[in-house]
Structures are given as structure tokens and as C-alpha cells.
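Please keep the sequence and the 3D view open while you read.

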Amino acid sequence: MVSARQIIKRSAFALFFIAIGFVFYFYDSDEKVAPYQSNTGNIFGTYYKITYQSNTDLHEAILARLQAFDASLSMFNDSSIISRINRNEEVTTDADFEAMFTLAEEVSGLSGGAFDITVASLVNAWGFGFKNKENVTPAMIDSLLQAVGFANVMLSEHHVYKSNPNVMLDAGAIAKGQGCDVVANLLRDNGCENFLVDIGGEVVCQGYNNKGDKWKVGIVIPTDDPTGQTNELQEVIASSNLCMATSGNYRQFYYDNGVRRSHTIDPRTGYPVNHNLLSATVIAPSCMEADAFATACMVLGATDALALINTLDSVECYLICGVDTTYTVWQSNGFGQYLQ
Ligand code: AMP
Ligand code: MG
């Protein structure tokens, strides 16, 4: 017969060994917390900063993916698909190009042509593109406008068809955002759950930072500054799932006989936009959508931009208007949920 005392003794022994087992398991298992990696560099004429939790440094794979993306969509890369299309060379499009083109066509339609990647020749003429600035005259603008508009291009069976050879494409309003999506997908494919991808201020974040907090992303006060060094924040958004892009006219502009010329061109008139909307920040399901709609907002101006964004599910905007340093903010109906 086993006495009660023996049962207690045996149970105590068993418990002791189970406890030892647990200590060894946690001490010696692979459950060690993975470190946060940080990769920085330059791409598309801007910086990238990518932070992610992983045991492996994925910088080489990220760079290779960004270079493949650049080889599709950079107008500053002579051998890219988009450059070759602009030179009317025979070229087969790839998945990155096709995703860009399809979204561009959709946003062009939704914005009534305010957003349009066929704006390239105008962007060039005004001195913001991949060719030297020209001495712009009204007659020249009229002539360039003949080759602007989505009705002049079509994508079919991996080929771009143009109505006339002067049509050229500019993916600059989508590429940074799409680049963030592309890197975020690479990180997900490599098992990363916690990351923040920042390419020139466009952001995709997911999960938590190395302190276990939500990522914090800022909306910058739009101060005139071609150097891009002024980064005072207007708002901070804390999120563990966000795609956000900002467009503005406070970094890329010049004065021409007292008239301010910015890099956002209105394809409907041929002229750089000149209104009091200084920056447009957009949150959307993907960063390429956020980037495209942010540029569309800058063309439309605050009233029309707000009207457009309020018709779209899951797309929100934060618009900063101003003269000198007096700012007013316009938010779409659902933006408030993102502000702390
Ligand atoms: P973002 O900084 O995303 O607003 O992109 C600005 C860039 O988009 C410019 O530098 C041009 O290359 C291009 N762009 C300018 N105007 C337009 C437009 N109306 N539609 C599409 N792209 C444009
Ligand atoms: Mg954009």
C-alpha cells in the first residue's frame, strides 16, 4: 500500500522534474526573441530606411528586389521598361509595370484626369522630369497637351500601345509608394511580421517596434524647403497596420518671374498647379494607392480632393492648406480614427 505521505513525496518529485524541464526548455529552445534589423540606402533619387524583426539581415534581397523594380519603372534608368516605352522601343512589360499602369488608369478615371501618368512631356518641359527644362510658351503647352491623356495609351498582352509616338509616361507619382509595397511583401514572404518600410517619406508598417509599441509615423508641417531637411511634425499616427503617402509642393518648386512653379502638373491645363493646398497625406489599403491619390489630391485642390476621397471606401486624406505659415487642415470623414 502506498501511504499518503509517499504520494505527496512522489508528486513533489514529479513536479520538481517538470519544473526543471520547463527551465531548460525556455533557456535552451529557439524561442529567443529575434533582433530588429535596419537597412538604409538610396533608391529612386531618395532614401530608404527599412526596419524589421528577423534573425536574418535581408538587405541583399531587398536591394535586388528594389533594383528589379527600378529596372521596370525608373525614368532615370535608360534601360528600364518605362524608358524604353518612352523611346518607342519594342518592349514586353512586367508585373511591376502592369500593376503601376492598371492603378494609374483607375486613379486617372476617378480623378477626372487630374492624375495622369501621360503627363511626362509636361513634367519634362517644366523642368521636373528626366529631360532638361525648356523655355515654355503657351503654344508649346498646347502642342504637348496633344500627347497627354489616358485615351492615348493602352496596355494589352504585355505591350503598351500609343496613339502617337510623342506620348511618354511618368511613374514618379506612384513608384515610391509601390516600392514600399514591394519591400513589405518581400519581408512578409520572409516571415517578418513586424516592420516599417520608409521610402522617401512614403510608409508601410505592420506589427510592433522593438519596444513592443505600435509604429509611430509623422505628418510633416509643409515648410518651403528644397533641401528636405525641415521635418517638424504636425501630427503623429501610431499604428500596427498602415500604408501612408504624402505629396506636397513645398520641396520641389522654383520661381519663374515671380510665379511659383511646382512639380505637380495639372494635365488638364498643362501648367503646374498653383493653389493653397500645401500637402496631401493619404492612407489607403496599399501604399501605391496612397501615393497615387496623394498626387491626385495635390492636382485637384482641397475642395475637390476632399469630395473625391470621401467617395472612396478605405481611403482617407489629411490636407494642409496655407498661405505663408498660417495653416488650415481638412480631413476626410474617416481620418480622425488614425490620430492619437
Ligand atoms: P508625388 O510626389 O507622389 O506627388 O509625385 C510627383 C511626381 O509625379 C512629379 O515629380 C511628376 O514626376 C509626376 N506628376 C506630376 N504631375 C502629375 C500628375 N498630374 N499625374 C501624375 N503624375 C504627375
Ligand atoms: Mg504620389
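Leaving aside its neighbours within four places in sequence, which residues is N152 in contact with? They are Q146, A147, Y161, K162, S163 and V167, where contact means heavy atoms within 4.5 Å. N152 itself is found in the loop between α6 (138–145) and β3.

Before going further, a word on the ground rules. This is a predicted model, in which local features need pLDDT of at least 70 and side-chain atom pairs count only at pLDDT 80 or more, while totals for chains, interfaces and linings use all residues. Residues are numbered from 1 along each chain as its sequence is written, chains are lettered from A and ligands numbered from 1 in the order in which they are written, and side-chain values use heavy atoms, with hydrogens and water left out. Helices (H or I, at least four residues) and strands (E, at least two) are DSSP runs, numbered from the N terminus.

**The magnesium site**

Now turn to the magnesium ion (ligand 2), which is coordinated by A173 (O), D291 (O), D291 (OD) and T295 (OG1) at 2.0 to 2.4 Å. Donors here are N, O and S atoms within 2.8 Å of the metal (3.2 Å for Na, K and Ca); water is not among the atoms, so sites may look incomplete. The donor residues follow the sequence spacing A-x117-D-x3-T. A173, in the loop between β4 and α7, and T295, in helix α8, are 122 residues apart, so this pair links distant parts of the chain.

**Two packed helices**

Two packed helices are described by the angle between their axes and the distance between the axes. For α7 and α8 the angle is about 170 degrees and the axes are 7 Å apart, with axes fitted to C-alpha atoms over the stretch in contact and angles running from 0 to 180 degrees between N-to-C directions. That makes α7 roughly antiparallel to α8 (over 145 degrees; under 35 is roughly parallel, 65 to 115 roughly perpendicular, the rest oblique). On the α7 side the contact is made by A175, K176, G177, Q178, C180 and D181, and on the α8 side by C287, M288 and D291.
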